[in-house]
Amino acid sequence: MSRTSLLLLVALLLAPFANAKDKKNKPQLSADILRAQTVLVMISPDAGETLDDPSGNRRAQEDVEKALMKWGRFRLAVDVSTADLIVTVRKGNGRMVNPTIADSPIDNRPVIFHPGDENTRIGAQQGHPPGVNQPGIGQPSNDPRPQTEIGSSDDTIEIYRGGVDFPLERAAVWRYSANDALRPPSVSAVEQFHKAIDQSEKALAQNAQSQDAQKKKP
């Protein structure tokens, strides 16, 4: 069996379990995640641009940024060093196997958002921001090239802890994958992250109250 066929078989077998897990309630977020104030949104380094929707990942990135700004909890960061959280997005298209273009120039965008808004960013980002992976690992070659991707057919968002070396090489602290999860205007992936934070804050407060009550007992 060829390596590509083997990977496809494994992906097909694991997909139902992965999707079911993603759509369940997420575990409680830790206190340092709840204290986060800045967030950097980027296209997943492993995501290429599909031939039928080459700007899909870039639109998803911008839609997530806008949804986060509308939420108002976070400020947008322009680089890894100033981000408390790293958010990666990958646009799904209903297929698990896709011919894509890696290191597409479409992902090299000017970083300019809504003049007059407090979250306006002025500058330029060429490809994926440096510092998310070790040199030579997951880094773009700067030359567009065809590839075949095998993965989830749904939209996917992953949250990583910032303030560490090479954050994307560590485990994600939160993940959500569902059909059209990155689609505006609702951007349900951001809504689900909002709910996860609210639930975690309530759980943290209840735990604190319970501990205080235990201390007051004679």
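How many bridges join strand E1 to E3, and do these strands run parallel or antiparallel? In this model, which is a predicted one, 2 bridges join strand E1, residues 38–43, to E3, and the two strands run parallel. Within that pairing, Thr38 is the residue that stands opposite Arg75 in E3.

Let me widen the view to the sheet. Strands of a sheet pair through backbone hydrogen bonds, in either a parallel or an antiparallel way. Here 5 strands form an open sheet, and reading across it the order is E3-E1-E4-E9-E10, with mixed pairing. Strand E3, residues 75–76, and strand E10, residues 174–178, stand at the edges with a single partner strand each, so one side of each is left without a neighbour in the sheet.

Now to the helices that lie across these strands. Helix H3, residues 56–71, lies across E1, E3, strand E4 (85–90) and strand E9 (155–161), and it runs at about 165 degrees to E1. Helix H4, residues 188–216, lies across E4, E9 and E10, running at about 140 degrees to E10.

These two helices also meet one another: H3 and H4 pack at an angle of about 40 degrees, and their axes are 10 Å apart. Because angles under 35 degrees would count as roughly parallel, the angle here makes H3 oblique to H4. The crossing in which H3 passes H4 is right-handed. On the H3 side the contact is made by Val64, Ala67, Leu68 and Trp71, and on the H4 side by Val190, Phe193, His194 and Ile197. Sorted by class, this contact of H3 with H4 comprises 7 nonpolar residues and 1 polar residue, with no charged residues.

Two loops deserve a word on backbone geometry. In the loop between E9 and E10 lies Phe166, whose phi is near 50 degrees, a positive value in a residue other than glycine. In the loop between E10 and H4 we find Pro185, and a cis peptide bond joins Pro184 and Pro185, with omega at about 5 degrees.

Finally, a word on confidence. The protein averages a pLDDT of 77, and 62% of the residues score at least 70. Over residues 15–25, however, the pLDDT is below 50, and this stretch has 10 contacts in the model beyond near neighbours in sequence. For residues 111–116 the pLDDT likewise stays under 50, and there the model has 16 contacts beyond four places in sequence. Where pLDDT is low, the predicted coordinates should not be read in detail.

Key. Residues numbered from 1 in each chain as written. Predicted model: local features only at pLDDT ≥ 70, side-chain atom pairs only at ≥ 80, totals over all residues. Heavy atoms only, no water. Pairing = 2+ DSSP bridges. Helix = DSSP H or I, 4+ residues; strand = E, 2+ residues; numbered from the N terminus. Contact = heavy atoms within 4.5 Å. Axes fitted to C-alpha atoms, helices over the stretch in contact; angles between N-to-C directions. Parallel < 35°, antiparallel > 145°, perpendicular 65-115°, else oblique. Left-handed = near helix turned anticlockwise from the far one by under 90°. Nonpolar A, V, L, I, M, F, W, Y, C, P; charged D, E, K, R; others polar. pLDDT = per-residue confidence, 0-100.
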